[in-house]
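Please look through the model below from its overall fold down to single side chains.

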Amino acid sequence: MLPPTLHSVVLGIVLGLTVGSFLNVVIYRLPVMLQRGWERECALFNDQATPEHEPFNLAVPASRCQSCGHKIAWYENIPLVSYIALRGRCPACRQSISVRYPAVELATGVLFGWCFAIFGLTPSSFIWSGVAATLVALAMIDLDTMMLPDALVYPLLWAGLIASAADRTNTFLAHAVWGAVFGYLSLWLVYWGFKLATGKEGMGHGDFKLFAALGAWFGWPALLPIIIMASVIGILAAVGLRVCGKASENAQMPFGPFLAGAGLV
């Protein structure tokens, strides 16, 4: 393994900022794409006319201001730099740009730089950076929509098992396989136990799959620390929101961001 160098860390940060800009697109567009896909499937199932929509995917249409429709030029879409240069406002209508966009870019840049600092300029850096990027995307999508898309969770799960089999992680293949199994079953049992006891659903099925994916990457011994960490942070966040008056007693909170955060830690 090549020793970590300042050159590789800078490369990781720049790559992470660029990927973070793309993650903002994924976070916003993927749920919309899935929703439209479900609408088409429901219409076909019920022998109804399928809804007509303009082409919408991760590539088209070009990024625009959500307030005035201003098409964002390439020089207005440089990670972090453009946000600072524009002072956080659309150049056309002067509406504020959400601080979340540069926050996602910065977080991804830091995580990529961290991976490259640990592993140097090696395949492991790119592998773990990919894991970090996927967890960031999943956390933000769940925060927005209470949904963890299979389109991201399943590739993360299978990639963890394949990486372990290819000896690209420090996790034995047996630990990865059982980590995926126990990760899924543990939350599945909690889900059904809570539902049978209260008649309510305490979490979504995506949480089972995400925990299984984390088990595939880190192995079954890491499951208990991850779930404890995620639960404690989740409880503290819920209490904090209620104390601040930003959440009611019966308000639902997604668990995916806390699982993803514990996985990153």
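Contact here means that heavy atoms lie within 4.5 Å of each other. By that criterion, and leaving aside its neighbours within four places in sequence, lysine 209 is in contact with Asp150, Val153, Tyr154 and Tyr184. This is a predicted model, in which local features need pLDDT of at least 70 and side-chain atom pairs count only at pLDDT 80 or more, while totals for chains, interfaces and linings use all residues. Residues are numbered from 1 along each chain as its sequence is written, and side-chain values use heavy atoms, with hydrogens and water left out.

Taken as a whole, the chain has nine helices and zero strands, where helices (H or I, at least four residues) and strands (E, at least two) are DSSP runs numbered from the N terminus. With 265 residues, a compact globule would have a radius of gyration near 18 Å, and the 20 Å of the chain agrees with this; the radius is taken over C-alpha atoms, and the globule rule is 2.2 Å times the number of residues to the power 0.38. Along the principal axes, the C-alpha atoms fill a box of roughly 55 × 55 × 45 Å. Among contacts between residues at least 6 apart in sequence, 68% join residues at least 24 apart.

Of the 265 residues, 38% count as buried, a term that means under 20% relative accessible area, with exposed meaning over 50% and partly exposed in between (1.4 Å probe, protein chains only). Lysine 209, which lies in helix α7 (residues 205–218), is buried because its relative accessible area is 15%. Isoleucine 233, by contrast, lies in helix α8 (residues 223–243) and is partly exposed, since its relative accessible area is 38%. Between isoleucine 233 and valine 181 there are 24 Å in space, C-alpha to C-alpha, for a separation of 52 residues in sequence.

After α4 comes methionine 146, whose phi is positive, near 60°.
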